[in-house]
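Please look over the sequence and the structure shown here before reading on.

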Amino acid sequence: MDLRSQLRIAEGYLELGMLEDARLEFDQLQPEDRLLPEALQLNVQIHLQEGSWESALALSRQLCDIAPQANSGYIHAAYCLHELGRTEEARDLLLEGPESLREEPVFFYNLGCYEARLGETDSARAWLLRSFELDENLRHQAKSDPDLVGVWTTESGPL
């Protein structure tokens, strides 16, 4: 079976929440194929779904190194840092990332979340409003995001 098919099968398992099957399919990849950006991205996704933050962080950083144009490496690495309680590092990583990140609505959304957790409500609101301009669906997600509890009702009014 070719690499693209193996990756699609593993991605399908992952989308269905069948983490063990996704992992088994990934593990069948040739060792050299596991280092390709698309395979690394899949492996990051598996680790994220498992809540293996340290492993997902290491893989995300590896993805940043070998494919710096892959914005997902930066976004996922920052998310892992945030989940590990290293929110300031997460924010800084995104802000220092490539300019192409600024085309991603989730870049602004995650910055909003990180700033909110750091107590920077006004900054959080500005980042979030920018993310909503780019993707209105994020506004709905934000309503139930525990990172944003203090941002929804402030002196500035609701988002």
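Is Arg 117 buried or exposed? Arg 117 has a relative accessible area of 51% and is therefore exposed, a label given over 50%, whereas buried means under 20% and partly exposed lies in between (1.4 Å probe, protein chains only). This is a predicted model, in which local features need pLDDT of at least 70 and side-chain atom pairs count only at pLDDT 80 or more, while totals for chains, interfaces and linings use all residues. Residues are numbered from 1 along each chain as its sequence is written, and side-chain values use heavy atoms, with hydrogens and water left out.

**Arg 117**
- Arg 117 lies in helix H7, helices being DSSP runs of H or I with at least four residues, numbered from the N terminus.
- Leaving aside neighbours within four places in sequence, Arg 117 is in contact (heavy atoms within 4.5 Å) with His 82, Thr 87, Pro 146 and Asp 147.
- The C-alpha atoms of Arg 117 and Glu 88 are separated by 9.1 Å, although these residues are 29 residues apart along the chain.

**The largest pocket**
- The largest pocket has a volume of about 220 Å³, a volume being the space filled by probe spheres set on grid points joined across faces, edges and corners.
- A pocket is an open set of points on a 1 Å grid over the protein atoms alone, where a 1.4 Å probe fits, with protein on both sides within 12 Å along at least five of seven lines, and lining residues have an atom within 4 Å of a point.
- Helix H7 gives the most to the lining of the largest pocket, with 6 residues.

**Asn 110**
- Asn 110, found in helix H7, counts as buried because its relative accessibility is 9%.
- Not counting residues up to four places away in sequence, Asn 110 touches Ile 75 and Leu 94.

Technical notes:
Helix = DSSP H or I, 4+ residues; strand = E, 2+ residues; numbered from the N terminus.
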